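Here's a quick tour of a single chain, written for someone who likes to know the cut-offs. Have a look at the model first.

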Amino acid sequence: MYAASVGKKQLGKTFLIIIALIAVVLIAFCVIGKIKDKNSSDNGNAIPGETAEQREDYLRSIGVQVDPTSSIAEVKVPDEFDERFNEYNAMLKLIGFDLTEFKGETVKKCTYAVTNKSEIGENISAVLLIYKDRVVAGHLLNAATGVISPLFVPSAEDNTEETILPSADIPQLPSEGEQIEETIAQSDYPTE
């Protein structure tokens, strides 16, 4: 039989190494857990936008018919939002999008000719912004006037959140077919 003797110094060093390894493993699990939580929360409400078919299906689901031909460009969301971009983002928030978390990111801008929104103009485009294969924003653009409108007007059921603001302070979306009064030029939303 073989017996080994371990001194107090050796035992202390071994103990510190074990504690350090445990700390590294715990930190790794926390970081991985946060990444998974972020991805799962992002994907919980994610609108798939990797393929043209997914993007067109989404547009159809909200009542926007498009010509399947699209143009795709890469654009950058500004690092800091100016007043006009804040107005654009406020409109997006009313329909469930928010570009705040995408500041400084490069996104794909997919533009489609709309075939069923003649009530807001003749030359209407649907614009979807795609980040990591999911739709993160979108709007309708009247190419002739530069007026940007929401992709859709949410139903009353979509606005059921409680608020502590007086009702006069709650921003209202335009009624069906009405355009947002502020004209936001095409050059004022994500550009290269």
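Predicted model: local features only at pLDDT ≥ 70, side-chain atom pairs only at ≥ 80, totals over all residues.

## Ground rules

Numbering starts from 1 along each chain as its sequence is written, and side-chain values use heavy atoms, with hydrogens and water left out.

## The chain overall

The chain has three helices and six strands, where helices (H or I, at least four residues) and strands (E, at least two) are DSSP runs numbered from the N terminus. Read from the N terminus, the order is α-β-α-β-α-β-β-β-β.

Of its 192 residues, 31% count as buried; that label means under 20% relative accessible area, with exposed being over 50% and partly exposed in between (1.4 Å probe, protein chains only). The accessible surface is about 12,700 Å², and carbon and sulfur atoms own 54% of that (Shrake-Rupley method, 1.4 Å probe; for residues, only the protein chains shown count as cover). Among contacts (heavy atoms within 4.5 Å) with a separation of 6 or more, 65% link residues 24 or more positions apart.

## Helix α3

Helix α3 covers residues 83-94, twelve in total, and spans 17 Å from its first C-alpha to its last, close to the 16 Å expected at 1.5 Å a residue (the expected span is 1.5 Å times one less than the number of residues). Its buried residues are Phe85, Tyr88, Asn89, Met91 and Leu92. They sit on the same side of α3, because they cover an arc of only 155° around the axis (the arc is that of the directions from the helix axis to the C-beta atoms). The cover over these buried residues includes β4 (124-131), β5 (134-142) and β6 (148-149).

What about the ends? Asp82 caps the N-terminal one, with a side-chain oxygen 3.3 Å from the backbone nitrogen of Arg84. Just after α3, Gly96 takes a positive phi of about 100°.

Thr111 belongs to strand β3 (residues 106-114). Is Thr111 buried or exposed? Its relative accessibility is 17%, so Thr111 counts as buried. Leaving aside residues up to four places away in sequence, Thr111 touches Thr69, Ser70, Ser71, Ser125, Ala126 and Val127.

Glu74, in strand β2 (residues 66-76), is exposed, with a relative accessible area of 53%. Glu74 and Val107 are 33 residues apart in sequence, yet their C-alpha atoms are 5.7 Å apart in space.

Note on methods:
Polar contact = N/O pair within 3.5 Å; in protein donor to acceptor, adjacent residues only side chain to side chain.
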